[in-house]
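Here is a short tour of one protein model, written for someone who likes to check geometry by eye. Have the viewer open and follow along.

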Amino acid sequence: MTIATEEYISADLEPSYVSGKTYVTRRRVTRIDAAVMLSITVFLITVIPARLIVPGMTDVGRPGLVLALGLFLWWVLARFTPSLSMTGPQPMRWALMIFLVSALISYAIGFMRGLTTIESNGADRMMLYLAAFSGVLLTAADGVPNWIRMRGVLKVLVACAAVVAAIGLLQYVTKVDYTLYLNLPGLQVKNPEVGFEIRGSGIRVASTTTHYIELAAFLAMVLPFAIHFAMFAGTPQRRRTSAIFAVIIAAGVMVTLSRTGIIAVAIVFVSLFPVWKWRTRFNIGIMAVGLIAVLGVLSSGLVRTIFGLFDNADSNSSINARTERYPMAFHYISQRPWFGRGTGTWIPPQYQVMDNQWLITLLSTGYVGAATISILHITGIWLAALALRRSTERADRHLCAALISTQLIALAVSATFDSMSLSYGTYVMTLALMCGLCGTVWRLTHPARTVRTSTTRWFL
């Protein structure tokens, strides 16, 4: 047999091999993989205004949520085909399963006590919502094959967040809601436009999201990754572009005039501070002061309003309105403390808006439900922290720290707004992606992983 040509074909999606006890990632000729589908989901859930849905559907009819439901079905089908799915342990799967089992038990208990039509519809929608949440989380945890593809998804997320923040900044400056002009053919308006809210001497904007607080929490959750690429992108041009995105996203948080956003940004800096060098800490500090100074020059009332958000908490009407509802909430919680009144059943207008996801979780799914969602976030922190400790590259360690910050943000902001509400799909799907990627970095840094530097040869 005469050797005519010689081709070198990489054996894996990246030059690495993981032992049979854990993972085997083989090359497949495909243009549509988990990273591509997650990127499309990110685009749909962030850039398309939240008020637009697929005709004839409910709150879960946003295009991004529909695709997330499809990802859940895709993951389930892949599990029945060993050649298509990742094999091996994944702690995020178990944490999610515990959370979903608790939600299903509370869902059943709710129907056992008897539900009104509003409660019944809310419970059904919430279960679909949790399926969409699971689809994004599981696809990220089990489907993203390597660091390169994971960073690609995060780059899409940062770019989309920068677009959302830029729309919010334009809204703040011009006082025009540009999302009204983003009516896409084939979609219908489900909810009226958010509009603007006057706070202090400024206005609050929501961009493409449902609420000002959601916009603040979403942008703050993406900010650490914009900072990451500003530091570690492959070329100077990409680093400069990422730095611009980071400034736009940070400014977008500010114009929401939200305590939630400020708290979340503070958590980002506290989380990343340990992995920064002193030069980086100095540069980031100078940039933060510069951003505040620029905003102060452009709108002096904006900076005064931001600092005023934390003055006189005892006399703040927004905070007092929340705390006044606590006795009523704990009265309901005491009636059904363990599994709550039923998953997704605490919804307005039948019940009051609590503006506190921890209280809503206690009311809906009880102490068990609150414990399981805590386990989900704590598992994410644990996995990302293990990956950080295992990583030797500075960029990988920084990325793991950024993922830890997202879970800390989720734990904190759940006390400031209804973070898992059906209305806040942009934030919730971003959170699902972050939870999944915590599982991804754990898998990619697994100690059983050994590097393969050679390639497979095929002689034709």
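Helices α5 and α15 run roughly antiparallel to each other, because the angle between them is over 145 degrees. Keep in mind throughout that this is a predicted model. The angle itself is about 160°, and the axes of α5 (residues 147-174) and α15 (residues 425-444) are 11 Å apart. The crossing of α5 past α15 is left-handed.

Which residues of α5 and α15 make the contact? From α5 come Trp 147, Met 150, Val 153, Leu 154 and Leu 157, while α15 supplies Thr 430, Leu 433, Met 434, Leu 437, Thr 440, Val 441 and Leu 444. Sorted by class, this contact holds 10 nonpolar and 2 polar residues, with no charged ones.

Next, a quick check on helix α14 (residues 394-413). At 1.5 Å a residue, its 20 residues should span 28 Å, and the end C-alpha atoms are 29 Å apart, which agrees. Of those 20 residues, 15 are buried, so α14 is largely enclosed by the rest of the structure.

Thr 392 sits in the loop between α13 (357-390) and α14. Is Thr 392 buried or exposed? Its relative accessible area is 73%, so Thr 392 is exposed, the cut-off being over 50%. Thr 392 is also 9.8 Å from Thr 445, C-alpha to C-alpha, although 53 residues separate the two in sequence.

**Three buried residues**

Ser 120 belongs to helix α4 (residues 117-143). Its relative accessibility is 18%, so Ser 120 counts as buried, which requires a value under 20%. Leaving aside residues up to four places away in sequence, Ser 120 touches Phe 111 and Leu 115.

The other two are worth a look for their backbone. Most residues other than glycine have a negative phi. Ser 207 has a positive phi, and Leu 257 has a positive phi as well. Ser 207 lies in the loop between β6 (202-204) and α6 (212-232), whereas Leu 257 lies in the loop between α7 (236-254) and α8 (259-272). The table sets out their values.

| Residue | Phi | Relative accessibility |
|---|---|---|
| Ser 207 | near 55° | 5%, buried |
| Leu 257 | near 50° | 1%, buried |

Note on methods. Residues numbered from 1 in each chain as written. Predicted model: local features only at pLDDT ≥ 70, side-chain atom pairs only at ≥ 80, totals over all residues. Heavy atoms only, no water. Axes fitted to C-alpha atoms, helices over the stretch in contact; angles between N-to-C directions. Helix = DSSP H or I, 4+ residues; strand = E, 2+ residues; numbered from the N terminus. Parallel < 35°, antiparallel > 145°, perpendicular 65-115°, else oblique. Left-handed = near helix turned anticlockwise from the far one by under 90°. Contact = heavy atoms within 4.5 Å. Nonpolar A, V, L, I, M, F, W, Y, C, P; charged D, E, K, R; others polar. Expected span 1.5 Å × (residues − 1). Buried < 20%, exposed > 50% of the residue type's maximum accessible area, 1.4 Å probe, protein only.
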